[in-house]
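Here are my notes on the packing of helices and strands in this entry. Please read them with the structure open.

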Amino acid sequence: MSLDLNIFFEASPDPGVTYAGMLLSGLAWTVALALLAWVLALIVGTAVGVARTLPFKWLVMLGNAYVEVFRNIPLLVQLFLWYFVLPEILPAAIGNWIKSFDAPWGPFFTALVGLGLFTSARIAEQVRAGINSLAKGQRNAGLAVGMTLGQTYRYVLLPMAARRIIPPLTSEFMTIFKNSSVALTIGVIELTAQAQQMNEFTFRTYEALGAATVIYIIVALTVNQLMALIERKSYIPGLIKQER
Amino acid sequence: MIKIDNVSKHYGPFQVLKNCSTEVKKGEVVVVCGPSGSGKSTLIKCVNALEPFQQGSITVSGVSVGDKKTNLPKLRAQVGMVFQHFELFPHMSLTENLAIAQIKVLGRRREEAMDKGMKLLERVGLKAHAHKYPGQLSGGQQQRVAIARALAMDPICMLFDEPTSALDPEMINEVLDVMVELAQEGMTMMCVTHEMGFAKKVANRVIFMDQGEIIEDREKHAFFETPASDRAQQFLSKILTH
Ligand SMILES: Nc1ncnc2c1ncn2[C@@H]1O[C@H](COP(=O)(O)OP(=O)(O)OP(=O)(O)O)[C@@H](O)[C@H]1O
Ligand SMILES: [Mg+2]
């Protein structure tokens, strides 16, 4: 086998686009999808994770149920449910409105919601564990100086919990990029889809999939570095000593 | 100031507090002691509603703690509390630890809060450490900061839950000194502690608890010289001889 890197600069069936351009366009969709889904996952995951630590029984149960459902159904199945099943079981007006979004936006938004909520359940689990890992005393300390429960979360519990869960969050953040490739099954032409197309057009399997692999690795390393930077920035002097 | 009237508390079938009644008048220092598990922490946490109770009533400066309509954050802001494990906010510098509740709860201006914090750090002898984080201090230093954090809110009374029992012996006195000074200035204090030297020095009364009950609640000389109950006698001989 010999690698022919010139293939990337040859024109693809898309007028005016090289195969490199195809892959980069795929990368752009992958990054957009993963980042937006990540934002959604952080917001929903934090809310659900916090809810599961509040002194309100029904909220805790609701949060637990949410996590179990979204974490335990395979991502691919969830995506199919959102894309093919949901518009059919909703009232016709809403279903048709959803279906009226043409490619690429319909599949993209569906993948965004599917991937975001799937990941949010995993983040909720980390957030809950992070908050519970703080001594009960911290909650009491916040309340005892007169903070409301909301203020105690905002100023005391969440800042510490966030720092503690940076390592598992890093791994979730890297995973969401990898998981975003599932979106190709509902028609999002992201990186893996483009690599597959390139392979079909050129039969250059090693070059096409090799390029996709290298790009995914670069993305993962970037994410890793970014999170390491955040971890360094949020470092608290003397904290190791503080942990009991 | 603090009035505890016939308070009972259950954890499921287990009764932690049994008809507890006592009072801490303005300017009084009351020490609470008793064996482990006797309910001391629970009782003191009921005073600022960190623990709910099912029967009886507690009022702080006339405000009913158990009343659903009571503004608990406002009440707690007036009641200083010091914990066994300090519970400083580890992600904030000492100045921020002292300022945050002043700003967010009392609505003080930042400079005013910082100023007040600095004065209190100076008072507990830690002004030079103001920029440090709790994890960079010794236990005794952390506990002094925790006292300063409570004082920053200008509390009308202070609750202490075994403030020295997590400290190495050589650090106990630096914390007790701050507490003695506070007591002598007339602060109303309810202290769970087994430091009987502290009790002898500044307490007005000593409460002895066992199995959720207040067994003795007496003027300190009477308590130390002639404890009425066998249980208190045994307890005293145990903690005073080691
Ligand atoms: N959340 C809880 N659920 C059930 N039982 C509890 C709970 N918290 C405390 N208890 C029980 O209540 C009793 C009183 O506890 P408390 O912490 O008030 O004792 P204490 O006098 O402060 O003891 P120590 O000297 O060890 O601090 C103990 O028997 C304890 O096991
Ligand atoms: Mg205790």
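Which strands of chain B does helix α6 (residues 169-184) lie across? The points below start there. Keep in mind that this is a predicted model.

1. Helix on sheet, chain B. Helix α6 of chain B lies across β3 (29-33), β7 and β8 of that chain. Its direction is about 150° to β8(B).

2. The sheet itself. β3, β7 and β8 belong to an open sheet of six strands in chain B, with the order β6-β7-β8-β3-β9-β10. The pairing is mixed. On average, neighbouring strands are turned by 15° against each other, direction ignored.

3. One strand pair in detail. β7 (residues 157-161) and β8 (residues 189-192) of chain B run parallel. Four bridges join β7(B) to β8(B).

4. A helix pair in chain B. Helix α4 (residues 110-123) and helix α5 (residues 139-151) of chain B have axes that come within 9 Å and cross at roughly 140°. Angles over 145 degrees would count as roughly antiparallel; α4(B) and α5(B) are therefore oblique to each other. The crossing of α4(B) past α5(B) is right-handed.

5. Who touches whom there. From α4(B) come B:K116, B:L120, B:L121 and B:R123; they meet B:V145, B:A148 and B:L151 in α5(B). The contact of α4(B) with α5(B) has five nonpolar residues, two charged and no polar.

6. A helix pair in chain A. Here the axes of helix α9 (residues 191-202) and helix α10 (residues 205-233) of chain A come within 8 Å. They cross at roughly 165°, so α9(A) and α10(A) are roughly antiparallel to each other. α9(A) passes α10(A) in a right-handed crossing.

7. The residues behind it. A:L191, A:T192, A:A195, A:M198 and A:N199 are the α9(A) side. They meet A:T205, A:A208, A:L209, A:A212, A:I215 and A:Y216 in α10(A). By class, the contact of α9(A) with α10(A) divides into eight nonpolar, three polar and no charged residues.

8. Annotation. An unreviewed UniProt entry places the feature "domain: ABC transporter" at residues 2-236 of chain B. Over residues 2-236, chain B is 38% helix and 26% strand. The end C-alpha atoms of that stretch are 26 Å apart.

Methods: Residues are numbered from 1 along each chain as its sequence is written. Chains are lettered from A and ligands numbered from 1 in the order in which they are written. This is a predicted model: local features need pLDDT of at least 70, side-chain atom pairs count only at pLDDT 80 or more; totals for chains, interfaces and linings use all residues. Side-chain values use heavy atoms; hydrogens and water are left out. Axes are lines fitted to C-alpha atoms, for helices over the stretch in contact, and angles run from 0 to 180 degrees between N-to-C directions. Helices (H or I, at least four residues) and strands (E, at least two) are DSSP runs, numbered from the N terminus. Angles under 35 degrees count as roughly parallel, over 145 as roughly antiparallel, 65 to 115 as roughly perpendicular and the rest as oblique. A crossing is left-handed if the near helix is turned anticlockwise from the far one by less than a right angle, and right-handed if clockwise. Contact means heavy atoms within 4.5 Å. Ala, Val, Leu, Ile, Met, Phe, Trp, Tyr, Cys and Pro count as nonpolar, Asp, Glu, Lys and Arg as charged, and the others, Gly among them, as polar. UniProt positions are given in the numbering used here, feature names are shortened, and annotations may be inferred rather than shown by experiment. Two strands pair if DSSP finds at least two bridges between them.
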